Amino acid sequence: MNKSLIKRLIASMKCGACGQRYEVDNIDVLGHEEDLWFLGVFCPACRTQCLVVMVIKEGRAPEVVTDLTEAELDKFRNVSMASADEVLDMHNFLKNFDGDFSRLFSQKKA
Ligand SMILES: [Zn+2]
């Protein structure tokens, strides 16, 4: 999975705060742990910063896991993203998560 493709995926999403589409230039790929990709996005319209976590698996459509507020993003920055415990927590979170993202991506296709 290359970064520009991931950025294009994020750029198809809208800001949760104001509904403006993200722009590729405002997306940072922060890093990844196996299938989990962490992205920082910044909305130029309302200046909201979010952390987006995506699950990207070979042969499957990527899923956006969550987007976090700036405060939560700071919390994330303070923990080591490479920490095995964090990744494990995230995996557990994902296993239990069955939320809105399929809706989000089906909107994209429509
Ligand atoms: Zn916005």
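Reader: How many helices and strands does the chain have?
Author: Helices (H or I, at least four residues) and strands (E, at least two) are DSSP runs, numbered from the N terminus. The secondary structure here comes to four helices and four strands. Along the sequence the pattern is α-β-β-β-β-α-α-α. This is a predicted model, in which local features need pLDDT of at least 70 and side-chain atom pairs count only at pLDDT 80 or more, while totals for chains, interfaces and linings use all residues. Residues are numbered from 1 along each chain as its sequence is written, and side-chain values use heavy atoms, with hydrogens and water left out.

Reader: In which sense do β1 and β2 pair?
Author: Two strands pair if DSSP finds at least two bridges between them. β1 and β2 pair in the antiparallel sense, over six bridges. Aspartate 28 stands opposite glycine 40 in β2. The hairpin of these strands has two residues between them, and glutamate 34 takes a positive phi near 55° there.

Reader: Which residues touch the most other members of the largest nonpolar core?
Author: In soluble globular proteins, nonpolar side chains tend to be buried together. A nonpolar core is a set of buried Ala, Val, Leu, Ile, Met, Phe, Trp, Tyr and Cys residues joined through side-chain atoms within 4.5 Å. Buried means under 20% relative accessible area, exposed over 50%, and partly exposed in between (1.4 Å probe, protein chains only). The largest core has 18 residues, of which Ile10, Tyr22, Leu39 and Met54 touch the most other members. At least two residues of this core come from each of α1 (3-11), β1 (27-33), β2 (36-42) and β3 (49-55). α1 gives the most, with four residues. Another core, of five residues, lies apart from it and includes Leu36, Phe38, Leu51 and Val55.

Reader: Which protein atoms are the donors of the zinc ion?
Author: Donors are N, O and S atoms within 2.8 Å of the metal (3.2 Å for Na, K and Ca); water is not among the atoms, so sites may look incomplete. Here the protein donors are the SG atoms of Cys15, Cys18, Cys43 and Cys46, 2.2 to 2.3 Å from the zinc ion. Their spacing along the chain is C-x2-C-x24-C-x2-C. Cysteine 15 lies in the loop between α1 and β1 and cysteine 46 in the loop between β2 and β3, so this pair ties together parts 31 residues apart in sequence.

Reader: Is cysteine 15 buried or exposed?
Author: Cysteine 15 is buried, at a relative accessible area of 3%. Cysteine 46 is partly exposed, at 30%.
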